[in-house]
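Good morning, and thank you for the time.

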Amino acid sequence: WRDIFQNWESLARSFPGWLPAMVRVFLNASTADGYNPYRITRKGIDWEAEDPHDPWSHIGYWGDHQIIYLLRLLEGLEDFRPGELAKQLPAKSFVYACVPYEIAEFDRLVENPRKTITFNHALHRELIAAEQRIGGDARLLKGPDGRPATVCLAEKLLVPLLAKLSNFVPGGGIWLNTQRPEWNDANNALAGWGLSVVTVGYLRRYLAFLERVLAAAAADTVPLSASVATMLRDMARALHETGSDSIRDARQRFAALERFGRIGEQHRRTVYQRAEEPATAVPVAELRGLIAAALAAVDATLQANRRGDGLFHGYNVLHIKG
């Protein structure tokens with residue numbers, strides 16, 4: 001990915017269709033709970049599997065891929081094809097990767113944030129067997145007709161944002177509770193109790209980018225899956241009602257974290273049932289309301305982490321006491 005981002009401008013000029021294709025591949029590889037698989041190969045989506053005979057086997061989601069890498073691709077596409085994203089927001093032409101990971105409910109996250117993901121062995125076997133019959137599309141989330149379920153571009157852009165906000169600690173950062181650190185391997189020790197201010201910074205850039213895209217939207221509404229629409233509204237309300245005191249007061253900070261976390265838990269519970277979800281038309285104005293509320297919360301946290309010399313803390317450590 002690093003080599004791609006360093007050379008995307010020359011690639012985009014030489015191959016005009018390359019950048020839109022990469023954006024679509026990256027978006028289609030994200031999961032319904034808001035994360036990315038281990039890697040994408042010529043064979044399709046791949047994930048790490050538990051192997052009791054391999055001491056190096058490990059599962060988990062890296063914390064930054066679905067925001068930072070995606071944002072760089074989106075910004076490149078907007079530079080070369082201005083307005084294209086805004087036009088495509090309501091188009092239901094995107095899919096979800098189906099990865100056999102299930103993130104725990106909020107109480108378990110708090111109990112042990114270094115062991116938070118269950119590997120669904122039955123789903124893993126089912127996906128591998130289906131792949132033998134129909135190919136790489138077997139690793140995509142299916143609709144009731146057995147074909148890949150489609151969602152709109154607006155939903156694919158919202159879900160990773162909402163997943164990040166569900167792990168937001170006011171004043172602290174984004175909670176690294178998916179058994180993996182961020183891109184820097186030196187951060188391995190932070191997986192579990194670490195809070196990333198780095199991701200908060202990128203989240204701010206992502207929010208500002210989405211606001212520009214949404215402001216240019218041609219449609220007044222977008223079709224969102226019912227659980228995503230609920231999560232959007234619940235999160236916007238929670239952000240609006242979380243006061244600035246949550247940055248300074250430990251009890252209020254945990255109350256905010258718990259509220260955000262349980263909103264994420266409810267969404268994941270629906271996602272892991274893998275049942276058919278009806279689409280509901282949501283006004284673009286509601287999406288912009290979420291963006292505005294999130295920007296205010298993110299800005300306050302970034303300001304709280306600005307040091308006296310003008311630099312910012314990169315990470316903090318979460319301490320939860322009974």
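A residue counts as partly exposed when its relative accessible area lies between the buried class, under 20%, and the exposed class, over 50%. Arginine 274, at 30%, is therefore partly exposed. Please bear in mind that this is a predicted model.

Which residue does arginine 274 meet in a salt bridge? The partner is glutamate 102, with an N to O distance of 3.6 Å. Arginine 274 sits in the loop between helix 10 (250–273) and strand 11 (279–283), whereas glutamate 102 belongs to strand 4 (residues 101–103), so this pair ties together parts 172 residues apart in sequence.

Within helix 10, glutamate 258 and arginine 262 are 4 residues apart, about one turn of the helix. Their closest N and O atoms are 3.1 Å apart, forming a salt bridge. Glutamate 258 is partly exposed at 26%, as is arginine 262 at 31%. Both take part in a network of salt bridges that also links Asp107, Glu265 and Arg269. The count of salt bridges comes to 17.

Contacts of leucine 161 beyond its sequence neighbours include Ile67, Tyr206 and Leu290.

Finally, threonine 31 lies in the loop between helix 2 (18–28) and strand 1 (39–41). Its relative accessible area is 3%, so threonine 31 is buried. Its side chain makes a polar contact of 2.3 Å with that of aspartate 33.

Note on methods:
Residues are numbered from 1 along each chain as its sequence is written. This is a predicted model: local features need pLDDT of at least 70, side-chain atom pairs count only at pLDDT 80 or more; totals for chains, interfaces and linings use all residues. Side-chain values use heavy atoms; hydrogens and water are left out. Helices (H or I, at least four residues) and strands (E, at least two) are DSSP runs, numbered from the N terminus. Buried means under 20% relative accessible area, exposed over 50%, partly exposed in between (1.4 Å probe, protein chains only). A polar contact is a pair of N or O atoms within 3.5 Å; within protein, one must be able to donate a hydrogen and the other to accept it, and residues adjacent in sequence count only if both atoms are side-chain atoms. Contact means heavy atoms within 4.5 Å. A salt bridge is a side-chain nitrogen of Lys or Arg within 4 Å of a carboxyl oxygen of Asp or Glu. Lists of a residue's contacts leave out its neighbours within four places in sequence.
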